[in-house]
Amino acid sequence: MLEISNLQAGVAGKPILKGLSLDVKPGEIHAIMGPNGAGKSTLGYTLGGRPGYGVTGGSVIFDGADLLAMEPHERAAAGLFLGFQYPVEIPGVSFVQFLREALNAQRKTRGEDPLSGGEFLKLAREKAALLKLDMEMLKRPVNVGFSGGEKKRAEMVQMGILDPKLAILDETDSGLDIDALRIVGEGINAIMRKPDKAVLLITHYQRLLDYVKPDHVHVLTAGRIVKSGGPELALELEREGYEAVAA
Amino acid sequence: MSGAVTLERPTNRDEEWRYADAGFLKAADPAALAQWMEWTVAPGEVVQEYRVLASGDEAGGTVERLRVHVGRNGRFECAAVNAAGHYARLELEVTLEQGAHFSFGGVTIGGEGKVQEFVTRVIHAEPEATSRQVVRAVQWGHATGNFLGRIDVVRDAQKTDAAQNFKAILLEKGAAANAKPELEIYADDVKCAHGAAIGALDRQAAFYMASRGIPPEVARKLLVRAYIADAFELVTDEEVRTRLLDEALAALEGAAL
Ligand SMILES: Nc1ncnc2c1ncn2[C@@H]1O[C@H](COP(=O)(O)OP(=O)(O)O)[C@@H](O)[C@H]1O
Ligand SMILES: [Mg+2]
């Protein structure tokens, strides 16, 4: 589903990803762990096509297509979802309006009919309930006045509504208390644990992995994957720290 | 006819014409520029006025000047879209009697070399009058959006409460915005607030929208709509508000950005 080969990328001329390779197959959940500043968010932004993140080498094939050749909104329509470490506030635009525009724009790009207002609200209500987020909150401006945890739950509601093939979730667990962590973890499983979908779970800590069991765990340090293994690698990292494990 | 008054042609040296299009002023008829429409709002009455200077008329220019006298406890509420060109100006001079209120919401929106402006003068002539002005400018190309807002508070117009707020977003390098608040205050118990800010469209919000599948032109429209909506908050009629927003956004629709 996602084949990253020898990816080199950076911001403002500063190289950050220094030859990163990763192969994600349908049905798999991969965890990417690493210390602060390793390049985890840079990986997410580069795959999402954020302006300013320049690719200087390597390739990324998503579902058989050249991901790096697509515009950011085309990547979303192709089935990529980026869960933000710091979700963005958009005053004056309600979540309902934002998500309906997003879903219908994606459907249009894929040659599908738009959802009516009623159909959309039904879908939004269902996904909000799954994440235990009050539907009233989706009538408010995007992320404005949301707590850290609410923002992360709203990210997962968005993922549920947009129903992507591949989700890259950048520290979706940060800022969550224990209950919210469980709700978000179960939400990820309900939405993405399917044979034709895959998840790239970027995280610092083992704790989210108690709920969302990864098939593969990778350690990212200084722009490269330095070690890969099964779920036990996450436990090892938690016990011994990145330095000991990655050395 | 004999005895006709010779009118002087305004130039950019005149304070209230300082940002006007110089070419337009040179060619314009001074008599036409000196004309005012005169309105009166009776005591206790409410008058609402919505104006759209629409895009499409790119040759020459438009100057509309409206002088309004608002009687005791009356209200004059005006919302305007200025999307016209090449030079388009709406000028308001509003005099407020005791306890009267004036609200103004204006949006300039345009590209190419358009010069679009609002020029207001609010005269708080008696105590306890209030005024609220919110102007938003959205420009691209090498267009300019201006707001010249003068507030006069005469002696003894105590408990005056006046506010004006201007914000501009420039969608391209080369576009410009000017704000010139001018406060002449001769009373001492007065609240007078003004603010101005010029920036670009929020890039982070645009990427966030793109990451959800919203194409750039739709994202821009949503963000601009949210941005200018502040100016039309004074419009309580939802249908009118939507029409004004749509009129303003129509100018953005055809923009080659
Ligand atoms: N916009 C930016 N400008 C300059 N340097 C950046 C920018 N974003 C990230 N970096 C740098 O890139 C490196 C990787 O950052 P990041 O991808 O955010 O790491 P992580 O998510 O693993 O903590 C860090 O050294 C960081 O300082
Ligand atoms: Mg990060």
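Predicted model: local features only at pLDDT ≥ 70, side-chain atom pairs only at ≥ 80, totals over all residues.
1. **The cores.** The largest nonpolar core has 112 residues, and F98(A) and I109(B) are the ones that touch the most other members. Apart from that core lies another, of 29 residues, which includes V68(B), F102(B), A129(B) and F166(B). As background, nonpolar side chains in soluble globular proteins tend to be buried together.

2. **The interface in numbers.** Where the chains meet, 30 residues of chain A are in contact with 16 residues of chain B. Between them, chain A and chain B bury about 1800 Å², and 72% of this is on carbon and sulfur atoms. On the chain A side, H73(A), V88(A) and F98(A) lose the most area to chain B, together 27% of what that side buries.

3. **Polar links.** Seven residue pairs are in polar contact between chain A and chain B, counting those with both residues at pLDDT 80 or more. The rule finds one salt bridge across this interface. R212(B) forms a salt bridge with E155(A), and their closest N and O atoms are 2.8 Å apart.

4. **What chain A brings to the contact.** Two or more residues each are given to the side of chain A that touches chain B by α1 (40-48), α2 (72-77), β6 (80-83), β7 (90-94), α3 (95-109) and α5 (148-162) of chain A. The largest share, six residues, comes from α3(A). By class, this side of chain A has 18 nonpolar, nine polar and three charged residues.

5. **A closer look at E155(A).** You will find E155(A) in helix α5 of chain A. Is E155(A) buried or exposed? E155(A) counts as buried because its relative accessibility is 1%, and the cut-off for buried is under 20%. With R212(B), the polar contact is made side chain to side chain, at 2.8 Å.

6. E155(A) and G175(A) are 20 residues apart in sequence, and their C-alpha atoms are 13 Å apart in space.

Conventions:
Residues numbered from 1 in each chain as written. Chains lettered and ligands numbered in written order. Heavy atoms only, no water. Core = buried A, V, L, I, M, F, W, Y, C linked by side-chain atoms within 4.5 Å. Buried < 20%, exposed > 50% of the residue type's maximum accessible area, 1.4 Å probe, protein only. Contact = heavy atoms within 4.5 Å. Buried area = accessible area lost by both parts, 1.4 Å probe. Salt bridge = Lys/Arg side-chain N within 4 Å of Asp/Glu carboxyl O. Polar contact = N/O pair within 3.5 Å; in protein donor to acceptor, adjacent residues only side chain to side chain. Helix = DSSP H or I, 4+ residues; strand = E, 2+ residues; numbered from the N terminus. Nonpolar A, V, L, I, M, F, W, Y, C, P; charged D, E, K, R; others polar.
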